[in-house]
Amino acid sequence: MLTDLRKEFPLFSAAANRDLVYLDSAATAQRPQRVITAMNDFYAQDNANPHRGAYRLAERATQHYEAARAKVAAFIHAAAAEEIIFTRNATEAVNFIAYGWADHHVQPGEVILVTELEHHSNLVPWQMLAQRRGAILKYIEFDDQGHLRLDQMEERLRERPRLLALTQVSNALGTINPVAEIIARAHEAGVVVVVDGAQSVPHMRVDVQSMQADFFVFSGHKMLGPLGIGVLYANQRHHAGLQPVLYGGDMISSVDYHHSDWNDMPWKMEAGTQHVAGAVGLAAAIDFLGEIGMEAVAEHDHTLTRHALEQLQKLDRIILYGPRENHAAVISFNIGAIHPHDLATFLDQRGIAIRSGHHCAQLVMRKLGVAATARASFYLYNTLEDVDRLIDGLNAAKEYFGKWL
Ligand SMILES: Cc1ncc(COP(=O)(O)O)c(C=O)c1O
């Protein structure tokens, strides 16, 4: 298990948070001092508008920005830095694929395949695309353990969909999808695959080349990086087919009165002044994770999740959702008829922060037949004691809300 990491995260030393058990890292993680310092240093020493100035300060800003891109590429094992487009977050990255690629390639009547497990960010853009293009949105369902029905996927692939969009890890159920296997099958059927890595990149080693993803998206803020920086990985084979979504400065190579030509990839997708400090912070987060090692992060997650599942199962009237095995570090549950919001508010009084609600996955809730669940998610700064405090809190909640059990 990883130990002593909590002290690297200044938020946990702030007076208001000394006793905090933070179990909502699936929503957003906390940042180590190193990330905050890297961003501060950029603003204090190297801030200028990249790609624009001929002076040394601007060159340093450009170097920071492009070095961050190269670092992201290496982290997910992209073949080239040019495959990395900086966005605001995973949501914006999915929209870039929908507007920048799918709008130009999906024909009326073609099938777009998504799964019932998707976060709204990897679902609503495809609903809108289907409306714009007259395409047909179809679903791969999940079974009672939260696993995708791969038999149904085979049926759907026979319909020759144009695109499959799926998450690698479900934020609502903790399911880990076998994306490499799924992509291989989809490619055999000639289908382009978009992978939502928002919940996987922070927690496990991701290799976009070995999984053969066409497009892959994630957010910096869930992996110890800053808010407001995200990543769209676009495999080089799609670069010619990917069109700009936003127009303006820096994304052009030349502008005439009535016509403009676009810059090369990835800059043609990055219109306007970018969040350079965010990219710098994300690079520092990658260094931090890299030094710990993603295998160690995954192992730590696994230990916490196993302990939590074992303890949660012992609570009577608990309803645990999602897979029984191979469970990501995010656990959804309900206790009797206690409303998850009441549970979260009660736990908050004891310094324990969990999430309650539909987790931006209303299709998952619909399928489970509930309006909401409580959700505890773990990351590298959580400890077994944090899990035990959650269990103690839930036992106290059961007593307090007795009549709702
Ligand atoms: C699986 C998944 N996809 C996408 C997102 C969207 O991330 P963001 O809000 O950073 O764009 C989230 C956020 O919770 C998520 O869990």
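In this predicted model, strand β3, made up of residues 111-115, runs parallel to its partner β4, and the two are joined over 5 bridges. Within this pairing, isoleucine 112 of the chain faces leucine 137 in β4.

The β3–β4 pair belongs to an open sheet of 7 strands, arranged in the order β2-β8-β7-β6-β5-β3-β4. The pairing across this sheet is mixed. Which strands form the edges? They are β2 (84-87) and β4 (136-140), each of which pairs on one side only. From one strand to the next, the twist averages 20 degrees.

Helix α2, spanning residues 56-75, lies across β2, β7 (215-219) and β8 (230-234). Its direction makes an angle of about 115 degrees with β2. Helix α4, spanning residues 124-133, lies across β3, β4, β5 (163-167) and β6 (192-196). With β4 as the reference, helix α4 runs at about 145 degrees. Several polar side-chain atoms can be followed to oxygen atoms of the ligand. For threonine 91, the distance from such an atom to a ligand oxygen is 2.5 Å. For serine 219, the corresponding distance is 2.6 Å, and for histidine 119 it is 3.3 Å. How much of the ligand's accessible area does the protein cover? On its own, the ligand has 390 Å² of accessible area, and the protein covers 88% of it.

Finally, two details of the backbone deserve a look. The peptide bond leading from methionine 265 to proline 266 is cis, and its omega is near 0 degrees. Proline 266 sits in the loop that connects β10 (260-262) with α8 (276-292). The other detail concerns glutamine 212, whose phi is positive, at about 70 degrees, although this residue is not a glycine. Glutamine 212 is located in the loop between α7 (208-211) and β7.

Terms used: Residues are numbered from 1 along each chain as its sequence is written. This is a predicted model: local features need pLDDT of at least 70, side-chain atom pairs count only at pLDDT 80 or more; totals for chains, interfaces and linings use all residues. Side-chain values use heavy atoms; hydrogens and water are left out. A polar contact is a pair of N or O atoms within 3.5 Å; within protein, one must be able to donate a hydrogen and the other to accept it, and residues adjacent in sequence count only if both atoms are side-chain atoms. Accessible areas come from the Shrake-Rupley method with a 1.4 Å probe; for residues, only the protein chains shown count as cover. Two strands pair if DSSP finds at least two bridges between them. Helices (H or I, at least four residues) and strands (E, at least two) are DSSP runs, numbered from the N terminus. Axes are lines fitted to C-alpha atoms, for helices over the stretch in contact, and angles run from 0 to 180 degrees between N-to-C directions. Contact means heavy atoms within 4.5 Å.
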